[in-house]
Amino acid sequence: MSQPPKFVIFAHNATYDKLHQVATIGMTAAAMGKDVIVVLLFWTIKKLAEGKIAEMDFPTEYAESAEEVARLLKEKKVPKISEMFQDAKHVGKLRLIACSAGLEYMGVDNQAVEKNVDEVLGLPDILKLTEVAETKLFI
């Protein structure tokens with residue numbers, strides 16, 4: 001039996017709009033039978049470690065609309081980012097991997113990150129794991 005195609009998302013930007021896309025695209029790909037790997041980098045690692053992964057913050061250039069978008073997301077009962085990651089694991093295969101250098105560079109508590117990811121790997125291992133991916137996105 002052949003392996004399902006790998007679908008990789010490198011998650012660097014940690015504003016809510018970007019993390020929402022990481023979560024929804026990851027969940028959709030998992031539901032479609034892809035082997036989804038979400039690699040958390042820099043700011044996503046920091047936000048996860050601080051327990052702010054569900055915080056609805058938006059880029060400053062969208063400040064005018066931020067309050068309205070946040071209201072609509074709540075009104076539509078859009079799940080939290082962490083819930084979407086968990087849902088993706090229930091409907092398919094999704095792994096959250098934190099880059100070990102990112103933990104060091106962002107000065108975060110390793111345990112705060114490790115308890116919320118499937119693995120912490122160095123960049124060489126991440127690149128080996130993702131080199132044959134059918135799809136690679138950088139968000």
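Student: Which residues does V38 touch, leaving out those up to four places away in sequence?
Tutor: This is a predicted model. In it, V38 touches I9, A11, V22, L94, R95, L96 and I97, with residues up to four places away in sequence not counted.

Student: And which residues touch the most other members of the largest nonpolar core?
Tutor: V38, I81 and V113 do. That core has 33 residues.

Student: Which elements give two or more residues to this core?
Tutor: On the strand side, β1 (6–11), β2 (35–40) and β3 (93–99). The helices are α1 (16–31), α2 (42–49), α3 (63–75) and α4 (81–91).

Student: Where does the largest share come from?
Tutor: From α1, which gives six residues.

Student: How many residues are in the second, separate core?
Tutor: It has 11, including V8, I37, C99 and I126.

Student: Switching to α4. Which of its residues are buried?
Tutor: I81, M84, F85 and A88. They cover an arc of only 100° around the axis, so they sit on the same side of α4.

Student: What do they pack against?
Tutor: The buried residues of α4 pack against α1 and β3.

Student: Now the surface. Which residues form the nonpolar patch there?
Tutor: F42, W43 and Y105. Together they have about 360 Å² of accessible area.

Student: Where does W43 lie?
Tutor: In helix α2.

Student: Why is W43 called partly exposed?
Tutor: Because its relative accessible area is 45%. Partly exposed runs between the 20% limit for buried and the 50% limit for exposed.

Terms used:
Residues are numbered from 1 along each chain as its sequence is written. This is a predicted model: local features need pLDDT of at least 70, side-chain atom pairs count only at pLDDT 80 or more; totals for chains, interfaces and linings use all residues. Side-chain values use heavy atoms; hydrogens and water are left out. A nonpolar core is a set of buried Ala, Val, Leu, Ile, Met, Phe, Trp, Tyr and Cys residues joined through side-chain atoms within 4.5 Å. Buried means under 20% relative accessible area, exposed over 50%, partly exposed in between (1.4 Å probe, protein chains only). Helices (H or I, at least four residues) and strands (E, at least two) are DSSP runs, numbered from the N terminus. Contact means heavy atoms within 4.5 Å. The arc is that of the directions from the helix axis to the C-beta atoms. Patches are made of residues with over 30% relative accessible area and no salt bridge: like charges are joined within 9 Å, nonpolar side chains (Val, Leu, Ile, Met, Phe, Trp, Tyr) within 5 Å. Accessible areas come from the Shrake-Rupley method with a 1.4 Å probe; for residues, only the protein chains shown count as cover. A salt bridge is a side-chain nitrogen of Lys or Arg within 4 Å of a carboxyl oxygen of Asp or Glu.
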